[in-house]
Amino acid sequence: MNLPRVSIQTEDFDLSCEIAALRRENKSVGAVCSFIGTVRDRNEGDPVSSMELEHYPGMTEKSIEAMVDEALRRFDILGARVIHRVGLLQPLDQIVLVAVTSAHRGQSFQACEFLMDYLKTQAPFWKKEETPQGARWVDARVSDDAALARWGITASNA
(Lines give C-alpha, C1' and ligand atoms only; values in the text may rest on other atoms or scores of the structure.)
Protein backbone atom coordinates (compact mmCIF):
# COMPACT_ATOMS: atom_id res chain seq x y z
CA MET A 1 0.00 0.00 0.00
CA ASN A 2 1.41 3.38 -1.01
CA LEU A 3 1.30 6.09 1.61
CA PRO A 4 -0.23 9.34 0.34
CA ARG A 5 2.24 12.22 0.26
CA VAL A 6 -0.36 14.77 1.38
CA SER A 7 -3.27 14.38 3.79
CA ILE A 8 -5.69 17.06 4.95
CA GLN A 9 -7.67 15.71 7.88
CA THR A 10 -9.55 16.54 11.06
CA GLU A 11 -8.16 13.61 13.06
CA ASP A 12 -4.85 13.69 14.91
CA PHE A 13 -1.77 11.83 13.67
CA ASP A 14 0.87 9.63 15.31
CA LEU A 15 4.44 10.68 14.49
CA SER A 16 6.00 7.25 15.04
CA CYS A 17 3.44 5.54 12.80
CA GLU A 18 3.87 8.14 10.06
CA ILE A 19 7.69 7.91 10.13
CA ALA A 20 7.59 4.11 10.13
CA ALA A 21 5.29 4.11 7.11
CA LEU A 22 7.41 6.69 5.26
CA ARG A 23 10.62 4.71 5.61
CA ARG A 24 9.09 1.22 5.41
CA GLU A 25 11.16 -1.21 3.37
CA ASN A 26 13.38 1.52 1.87
CA LYS A 27 16.91 0.45 2.74
CA SER A 28 18.33 3.62 1.13
CA VAL A 29 16.94 5.82 3.92
CA GLY A 30 19.76 7.05 6.15
CA ALA A 31 18.03 10.15 7.51
CA VAL A 32 14.56 11.24 8.54
CA CYS A 33 13.77 14.83 9.40
CA SER A 34 10.38 15.82 10.78
CA PHE A 35 8.62 18.92 12.02
CA ILE A 36 5.41 19.08 14.03
CA GLY A 37 3.56 22.36 14.50
CA THR A 38 1.20 22.73 17.45
CA VAL A 39 -1.44 25.23 18.57
CA ARG A 40 -0.03 27.81 20.99
CA ASP A 41 -2.07 29.37 23.78
CA ARG A 42 -0.87 32.88 22.83
CA ASN A 43 -0.39 34.84 19.62
CA GLU A 44 0.57 38.48 19.17
CA GLY A 45 0.52 38.85 22.96
CA ASP A 46 -3.09 37.71 23.37
CA PRO A 47 -4.40 34.49 24.91
CA VAL A 48 -5.77 32.03 22.33
CA SER A 49 -8.42 29.54 23.45
CA SER A 50 -8.81 27.76 20.10
CA MET A 51 -7.94 27.89 16.43
CA GLU A 52 -10.13 26.90 13.53
CA LEU A 53 -8.55 25.98 10.20
CA GLU A 54 -10.45 25.90 6.93
CA HIS A 55 -9.34 24.86 3.47
CA TYR A 56 -10.64 24.48 -0.06
CA PRO A 57 -10.82 20.68 -0.65
CA GLY A 58 -8.94 19.63 -3.74
CA MET A 59 -7.17 22.95 -4.25
CA THR A 60 -5.24 22.67 -0.98
CA GLU A 61 -4.03 19.13 -1.66
CA LYS A 62 -3.04 20.03 -5.24
CA SER A 63 -1.07 23.05 -4.03
CA ILE A 64 0.85 21.06 -1.42
CA GLU A 65 1.46 18.17 -3.86
CA ALA A 66 3.08 20.67 -6.26
CA MET A 67 5.40 21.88 -3.51
CA VAL A 68 6.35 18.28 -2.62
CA ASP A 69 7.18 17.79 -6.32
CA GLU A 70 9.36 20.91 -6.15
CA ALA A 71 11.13 19.61 -3.02
CA LEU A 72 11.85 16.34 -4.83
CA ARG A 73 13.36 18.33 -7.74
CA ARG A 74 15.45 20.63 -5.52
CA PHE A 75 16.77 18.17 -2.95
CA ASP A 76 18.18 14.66 -3.03
CA ILE A 77 15.36 13.17 -0.98
CA LEU A 78 13.68 9.79 -1.13
CA GLY A 79 10.23 10.67 0.17
CA ALA A 80 8.07 13.26 1.88
CA ARG A 81 4.86 13.25 3.90
CA VAL A 82 2.75 16.31 4.77
CA ILE A 83 -0.27 16.09 7.06
CA HIS A 84 -2.24 19.23 7.86
CA ARG A 85 -5.21 19.23 10.15
CA VAL A 86 -8.34 21.32 9.69
CA GLY A 87 -11.31 22.04 11.92
CA LEU A 88 -11.41 23.25 15.50
CA LEU A 89 -8.15 22.78 17.43
CA GLN A 90 -7.12 23.57 21.00
CA PRO A 91 -3.78 24.68 22.47
CA LEU A 92 -1.27 21.78 22.46
CA ASP A 93 -3.09 20.04 19.55
CA GLN A 94 -0.90 19.02 16.63
CA ILE A 95 -1.61 21.02 13.46
CA VAL A 96 0.95 19.95 10.89
CA LEU A 97 3.53 17.26 10.20
CA VAL A 98 6.25 17.50 7.58
CA ALA A 99 8.52 14.46 7.33
CA VAL A 100 11.27 13.90 4.78
CA THR A 101 13.58 10.93 4.12
CA SER A 102 16.93 10.94 2.37
CA ALA A 103 20.22 9.08 2.31
CA HIS A 104 21.95 11.86 4.29
CA ARG A 105 20.73 14.34 6.91
CA GLY A 106 21.53 17.62 5.13
CA GLN A 107 19.06 17.07 2.32
CA SER A 108 16.31 16.01 4.76
CA PHE A 109 16.80 19.10 6.92
CA GLN A 110 16.74 21.43 3.90
CA ALA A 111 13.71 19.83 2.28
CA CYS A 112 11.78 19.81 5.56
CA GLU A 113 12.50 23.51 6.12
CA PHE A 114 11.64 24.31 2.50
CA LEU A 115 8.26 22.58 2.80
CA MET A 116 7.43 24.29 6.11
CA ASP A 117 8.36 27.73 4.74
CA TYR A 118 6.04 27.08 1.82
CA LEU A 119 3.18 25.81 3.99
CA LYS A 120 3.33 28.84 6.30
CA THR A 121 2.88 31.31 3.45
CA GLN A 122 1.42 29.70 0.35
CA ALA A 123 -0.80 26.76 1.25
CA PRO A 124 -4.47 27.72 0.95
CA PHE A 125 -5.57 27.52 4.57
CA TRP A 126 -7.56 30.07 6.51
CA LYS A 127 -6.90 30.29 10.25
CA LYS A 128 -9.19 31.91 12.79
CA GLU A 129 -8.19 32.32 16.43
CA GLU A 130 -10.55 32.73 19.35
CA THR A 131 -9.27 35.35 21.83
CA PRO A 132 -10.87 37.20 24.76
CA GLN A 133 -11.53 40.07 22.32
CA GLY A 134 -13.34 37.72 19.92
CA ALA A 135 -12.46 35.81 16.78
CA ARG A 136 -9.77 37.07 14.39
CA TRP A 137 -8.30 35.80 11.14
CA VAL A 138 -4.54 35.12 11.11
CA ASP A 139 -2.36 36.37 8.25
CA ALA A 140 1.10 35.14 7.26
CA ARG A 141 3.85 37.12 8.96
CA VAL A 142 6.49 39.15 7.12
CA SER A 143 9.14 36.87 8.67
CA ASP A 144 7.41 33.87 7.05
CA ASP A 145 7.55 35.62 3.66
CA ALA A 146 11.27 36.31 4.18
CA ALA A 147 11.88 32.64 5.03
CA LEU A 148 10.22 31.62 1.76
CA ALA A 149 12.23 34.21 -0.22
CA ARG A 150 15.51 32.54 0.70
CA TRP A 151 14.42 29.63 -1.51
CA GLY A 152 13.90 32.01 -4.45
CA ILE A 153 10.12 32.04 -4.11
CA THR A 154 8.16 35.27 -3.78
CA ALA A 155 5.16 35.09 -1.46
CA SER A 156 1.90 35.49 -3.36
CA ASN A 157 -0.36 36.23 -0.41
CA ALA A 158 -0.24 40.03 -0.36
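Analyst: Buried residues make up 42% of the 158 residues in the protein, where buried means under 20% relative accessible area with a 1.4 Å probe, protein chains only. This is a predicted model, in which local features need pLDDT of at least 70, side-chain atom pairs count only at pLDDT 80 or more, and totals for chains, interfaces and linings use all residues. Residues are numbered from 1 along each chain as its sequence is written, and side-chain values use heavy atoms, with hydrogens and water left out.

User: How many helices and strands does the secondary structure of the protein hold?

Analyst: Helices (H or I, at least four residues) and strands (E, at least two) are DSSP runs, numbered from the N terminus. From that end, the elements run β-α-β-β-β-β-α-β-β-β-α-β-β-α. The totals are 4 helices and 10 strands.

User: Why do the buried residues of H1 line one face of the helix, and which strands do they pack against?

Analyst: In H1, residues 15-23, the buried residues are Glu18, Ile19, Ala21 and Leu22. Seen down the helix axis, they fall within an arc of 165°, taken from the directions from the axis to the C-beta atoms, so they line one face. With contact meaning heavy atoms within 4.5 Å, the buried residues of H1 pack against strands E2 (31-38), E6 (77-85) and E8 (94-102).

User: Which residue with a positive phi follows H1?

Analyst: The phi of this residue is near 60°. The residue that follows H1 is Glu25.

Key:
Buried < 20%, exposed > 50% of the residue type's maximum accessible area, 1.4 Å probe, protein only.
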